[in-house]
Amino acid sequence: MRLVIRRMTVEDVSAAHEIDLLSFTLPWPERSFRFEVTDNPAARCWVAEINGRLVGMLVLWMIVDEAHIASLATHPEFRRQGIAKQLLVTALDNAYMEGARSALLEVRAGNETARSMYQKFGFEDVGLRNAIIKTIMKMQY
């Protein structure tokens, strides 16, 4: 099994959308992934693949000197193998090289698995959005 992390292309959009559908109760529409890849200059989209199969995706927005993690998911068949961590390491390293000095993301307050992973990267809870019950987490490089 060889994991490859690379930038998302238009050809990856359908598979990334499928992972999103399998991972979230409120997934993005496929056209949103297409927009991020083709038309959003702030977007840095990444995928993870094993043997040519897309198994994970991450969308990051560079906003001045902050990296905003917009979406991160691993296909259910490939979870708990460190794929999300590898995507996050790659995306944050590249964002740092582009000038990011902090990172921000939102995660559902009840998603302890994700929150634990993010805390290992240095993310800290900085607030709650009550309407959608998400924890806002931030880290400094």
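This is a predicted model: local features need pLDDT of at least 70, side-chain atom pairs count only at pLDDT 80 or more; totals for chains, interfaces and linings use all residues.
Strand E2, which spans residues 43–50, is largely enclosed by the rest of the structure, because eight of its eight residues are buried. In a regular strand the side chains alternate between the two faces of the sheet. In E2 both faces are covered, with Ala43, Cys45, Val47 and Glu49 buried on one side and Arg44, Trp46, Ala48 and Ile50 buried on the other. E2 is joined to E1 by five bridges, the two strands running antiparallel, and within this pairing arginine 6 stands opposite valine 47 of E2. An antiparallel arrangement also holds between E2 and strand E3 (residues 53–63), where eight bridges are found, and glutamate 49 stands opposite leucine 54 in E3. E2 and E3 form a hairpin with two residues between them, and asparagine 51, in the turn, has a positive phi of about 50 degrees.

Methionine 8 is located in the loop between strand E1 (3–7) and helix H1 (13–23). With a relative accessible area of 7%, methionine 8 falls under the 20% limit and is therefore buried. Beyond residues up to four places away in sequence, methionine 8 touches Ala16, Phe33, Val37, Cys45, Trp46, Val47 and Met57; of these contacts, Cys45, Trp46 and Val47 are also among the buried residues of E2.

Threonine 74 belongs to strand E4, which comprises residues 66–74. Its relative accessibility is 7%, so threonine 74 likewise counts as buried. When residues up to four places away in sequence are set aside, the contacts of threonine 74 are Ile19, Ser23, Val55, Gly56, Arg79, Ile83 and Ala84.

Helix H4 (residues 112–120) has Ala114, Arg115, Met117 and Tyr118 as its buried residues. These residues lie on the same side of H4, because they cover an arc of only 160 degrees around the axis. An α-helix has 3.6 residues a turn, so residues three or four places apart point the same way. On the other side of H4, Glu112 and Lys120 are exposed. H4 is followed by glycine 122, the phi of which is positive, near 100 degrees.

Technical notes. Residues are numbered from 1 along each chain as its sequence is written. Side-chain values use heavy atoms; hydrogens and water are left out. Helices (H or I, at least four residues) and strands (E, at least two) are DSSP runs, numbered from the N terminus. Buried means under 20% relative accessible area, exposed over 50%, partly exposed in between (1.4 Å probe, protein chains only). Contact means heavy atoms within 4.5 Å. Two strands pair if DSSP finds at least two bridges between them. The arc is that of the directions from the helix axis to the C-beta atoms.
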